[in-house]
Amino acid sequence: MHLRSLPELGLLLLAVFVLLEGPVPSLGASNCKETGHGEGADGERHGVGNLNRTKKPFPVLSLEYDHIKTPFEISLWVLLASLMKLGFHLIPRLSGIVPESCLLIVVGLLVGGLIRLAGEDVPPVLDSKLFFLCLLPPIILDAGYFLPIRPFMENLGTILMFAVVGTLWNAFFIGGLLYAVCQITAVKLSHIELLPCLLFGSVISAVDPVAVLAVFEEIHINELLHILVFGESLLNDAVTVVLYHLFEEYTVVETVTVLDGVLGVISFLVVALGGVLVGAIYGILAAFTSRFTSHTRVIEPLFVFVYSYMAYLSAEVFHLSGIMALIACGAVMRPYVEANISHKSHTTIKYFLKMWSSVSETLIFIFLGVATVDGDHSWNWTFVTVTVILCLVARVIGVVGLTYIINKFRIVKLTTKDQFIIAYGGLRGAIAFSLGFLLDKDHFPMRQIFLTAIITVIFFTVFVQGMTIKPLVELLAVKKKQEAKRSINEEIHTQFLDHLLTGIEDICGHYGHHHWKDKLNRFNKKYVKKCLIAGERSKEPQLIAFYHKMEMKQAIELVESGGGSKLPSAVPSTVSMLNIQPKKPSAPKPAERALPQLTRGREEEIRKILRTNLQKTRQRLRSYNRHTLVADPYEDGFNDFLKKQKMMELEKKIKEMTNYLTVPAASLDSPTMCRSRLASDPQAYNMKPSLDGVPTIKVDLASPQSPDSVNLLDEFKRAGQEGREDEQGLMMKPPAEPRGANQHGKEDEAKDPQKLMRCLSDPGPSADEDEDEPFLP
Amino acid sequence: MGALQSLSGHPEYIDLAEKTGFSFEQIGVLHKRFKQLSHNEGTLRRAHFNEIPDLACNPIRAQIVEAFFDKRNFHQNDDGTIDEINFEEFLVVMSHFRPPALHLTEEQRGNVRKEKLRFLFNMHDTDNDGTITLEEYRHVSISMLSPGRKNVPLMVVEELLSRSGSLEKETAKSIADAAMLEVASISMGHMEPDEFYEGITFEHFLKLLDGFEIESKMSVRFLNMDATTLCK
């Protein structure tokens with residue numbers, strides 16, 4: 001019962017909105033008029049001599065809707081979109097069968113219908129300006145920033161072939177055949193000329209990134225297919241832009257010469273490369289700016305967003321491909337920006353991008369539904385059905401033909417199954433509609449027919465193809481995305497292979513892919529990184545950066561899993577570092593620990609403080625799936641965790657857990673650690689240099705969630721247990737000097753508990769109780 | 001036509017083609033390169049490899065060169081190293097990098113994968129004992145993380161490293177340790193605290209890189225080689 005109430009709430013809300021829309025404007029207007037009239041009359045009388053001023057009672061409560069109308073409506077739409085999204089995910093059966101995009105379109109239809117029923121004019125929501133300037137950029141930026149560069153670059157040739165040649169083929173095939181069909185006099189469509197048909201073909205042939213993202217995210221196919229279809233949908237924007245403008249221009253003029261064709265090709269190159277160039281420039285600017293933000297961490301995310309948006313707008317100014325600019329900007333700036341900004345900023349950027357793109361996508365689909373209801377459609381059976389059929393046929397032929405050529409150059413060939421998925425995944429979406437909407441009514445009298453056909457194709461692809469692709473993927477047993485964690489061995493070997501293959505190519509004397517990739521990497525390392533990355537991080541090799549990331553991730557998983565009921569995904573084996581180390585001839589005596597001997601009372605106090613400070617953490621997902629970004633399996637277990645008994649379990653588990661950790665001690669000087677400390681603390685935090693020979697347990701003030709706090713828990717367990725045989729086998733220990741040097745004995749021990757207590761009770765200047773999760777690596 | 005032409009000139013190519021799976025064209029091109037590298041002497045020595053300028057900045061140059069002189073890579077069930085190789089042996093080593101053919105059965109694909117992984121394994125296992133010990137693995141990660149030290153033996157490198165360099169070396173060691181631990185966890189499952197994991201055997205190595213798709217990753221395109229790029 002409760003579950004169903006949310007969608008109903010949403011419907012109720014929009015009913016309210018509809019009702020408000022009606023009477024309120026008239027009310028507001030009349031109110032204004034009244035006061036205006038009153039004002040005017042007043043002023044007159046005032047000028048006359050302040051006689052006979054009529055006094056109205058002071059309006060205690062008045063209604064003035066007009067001046068907040070637009071923001072109010074926008075907010076209401078966004079609220080509706082978000083509530084719908086919420087509602088769908090609460091009904092699990094539905095979201096399993098029907099992709100979200102379909103549901104949202106249906107909601108849009110309902111809303112549009114309701115508004116229509118209420119007698120109001122449906123607001124022209126899918127206004128092209130709104131779409132292209134506000135709704136589309138967040139989605140594209142999200143896609144571009146989190147684009148997996150390696151698979152993208154490896155398959156770039158294939159992607160470009162599909163995007164450029166495939167779209168061209170589609171456009172001309174559909175346009176040409178449609179014209180031929182229209183010429184059949186029986187159809188009564190002979191007023192549609194060739195150029196409008198070609199224009200229509202170019203509009204309808206582009207695969208839409210929004211729709212592809214929405215559908216493909218839910219089916220989890222393997223990375224290769226995902227990147228092929230998605231990359232194609234992003235890069236075909238340049239082709240679409242050029243073709244669109246070309247045909248639009250020439251429809252007015254009505255003649256096309258060879259020169260125009262050549263200019264078109266040049267224009268395409270300019271549009272595509274220019275867009276990428278503009279994006280890259282802004283990306284480098286953003287990276288450079290982020291180098292200096294170490295003292296103003298709070299506005300770091302803003303730079304990323306603003307620079308990217310500026311790149312998009314700048315590209316649009318020159319009629320270059322805004323989408324490609326945005327992708328280039330995001331992809332170029334990412335490695336450098338991520339090296340410079342704090343972890344919290346990184347989290348902020350990620351969450352904001354996901355949030356905006358999610359809302360945008362939802363709104364786009366809802367608006368599609370609304371706009372369907374709105375438009376005055378002119379339905380022509382022939383035109384529409386022929387369009388749909390031609391779209392499918394053209395896509396299939398295009399994919400099969402291109403794959404035949406592409407496979408000659410690929411190492412990993414595309415199988416028939418792959419081709420089917422690529423062809424089937426060519427979804428059309430709102431971009432096509434908006435482009436159609438942009439058409440000038442005067443030059444294109446057949447605009448309505450076009451729009452109807454476009455909407456039908458969109459509906460067909462999103463509903464039919466979107467709904468059936470998941471079962472088809474299951475049926476054909478297409479390889480799914482591997483959920484395997486990226487292990488350090490794979491990372492080592494990826495890099496090793498890179499070097500190896502580059503070496504082999506050099507021996508062969510063959511300037512192949514690896515050779516150029518290696519050259520680019522070296523150039524990057526030598527010059528670019530030095531400019532764009534602040535401080536020490538510029539010299540950090542990629543392997544080390546990866547390794548530190550893994551450390552952090554495991555630290556977080558450790559804390560998080562300690563509170564839950566399940567073990568972390570770490571390999572449940574009892575293999576520890578002990579088993580790896582070659583046996584030393586004489587194992588060093590388990591040295592005395594510098595651990596303070598805590599009294600029971602103190603221990604309880606520490607436990608209580610830890611309990612209140614340890615917060616739930618969220619598991620990081622590697623994918624860029626915006627629906628399941630926040631997976632929180634341990635949330636329910638957290639409440640139990642607060643109980644005392646569970647606390648004991650936690651301690652026990654952590655003791656066991658430390659055997660499972662595969663990463664040895666993180667040096668406190670490592671850049672990642674430094675950043676994590678700096679990030680939590682507004683003031684730059686200096687590590688006090690440790691005095692030689694004094695065993696100290698350094699507890700970081702900055703954040704109780706730092707791995708060091710886990711240290712303490714760890715240490716407590718060991719108080720009283722036998723010492724370790726092998727010092728190197730410890731996990732997550734501070735870089736204490738060898739514990740044998742414990743000459744300063746009692747004095748330090750007395751000092752240390754104090755230090756510990758002080759540290760624990762004061763979590764630090766910026767870490768407050770309701771602070772969010774610790775940074776996600 | 002071209003194939004027949006080269007065939008008539010070099011009848012030994014048939015044998016080589018059969019043995020390594022290269023096409024006649026590819027063998028011809030590689031032969032040219034071999035002659036160029038060896039200055040027409042007929043055998044290659046390590047010194048010849050060191051003359052290749054691009055190879056000098058490769059961090060794992062030493063291991064790559066060693067791989068060419070490692071008898072285990074000659075498919076003759078022999079081990080040890082030799083000092084000179086002829087063209088046939090050169091070609092056999094190169095054949096490890098051939099892209100897999102289009103239509104392979106699962107078994108054939110498995111064999112290809114095994115062969116390539118064996119090559120990698122031999123590169124890591126420098127002392128020929130059949131396991132990659134922790135020291136050898138450390139050597140791998142250290143060499144990858146400290147590029148640009150040309151022709152300097154490892155001992156000297158340790159002395160020459162500055163403070164920041166030694167930090168890197170420590171991290172390199174930890175990375176190798178972590179990687180080793182991972183292998184052990186995957187392969188061995190449960191181990192008693194006093195058991196000792198000797199090193200990565202070939203079976204463990206196979207298991208480790210199971211999902212890595214090495215048959216497609218470890219390939220060099222020998223397709224588009226033309227003589228012009230070889231002139232160096």
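I began with the cut-off I needed: a residue is called exposed when its relative accessible area is over 50%. I looked up A:Val258 in this predicted model, and its relative accessibility is 70%, so A:Val258 counts as exposed.

Next I checked where A:Val258 sits. I found A:Val258 in helix 12 of chain A, which covers residues 258-290.

Then I turned to confidence in chain A. The mean pLDDT of chain A is 71, and 62% of its residues reach at least 70. I compared the elements of chain A: helix 13 (residues 300-317) has the highest mean pLDDT, at 92, while helix 2 (residues 23-48) has the lowest, at 40. I also noted residues 583-597 of chain A, where pLDDT stays under 50 and the model has 29 contacts beyond four places in sequence. Residues 615-642 of chain A are below 50 in pLDDT as well, and this stretch has 72 contacts beyond near neighbours in sequence.

Chain B came last, friend. I found 12 helices and 2 strands there, and along the sequence I read them as α-α-α-β-α-α-β-α-α-α-α-α-α-α. Chain B has 232 residues, of which 46% count as buried. I looked at its contacts between residues at least 6 apart in sequence, and 59% of these join residues at least 24 apart. For the surface, I noted that chain B exposes about 11400 Å², with 51% of it supplied by carbon and sulfur atoms.

Conventions: Residues numbered from 1 in each chain as written. Chains lettered and ligands numbered in written order. Predicted model: local features only at pLDDT ≥ 70, side-chain atom pairs only at ≥ 80, totals over all residues. Heavy atoms only, no water. pLDDT = per-residue confidence, 0-100. Helix = DSSP H or I, 4+ residues; strand = E, 2+ residues; numbered from the N terminus. Contact = heavy atoms within 4.5 Å. Buried < 20%, exposed > 50% of the residue type's maximum accessible area, 1.4 Å probe, protein only. Areas by Shrake-Rupley, 256 points an atom, 1.4 Å probe, with all protein chains shown as cover.
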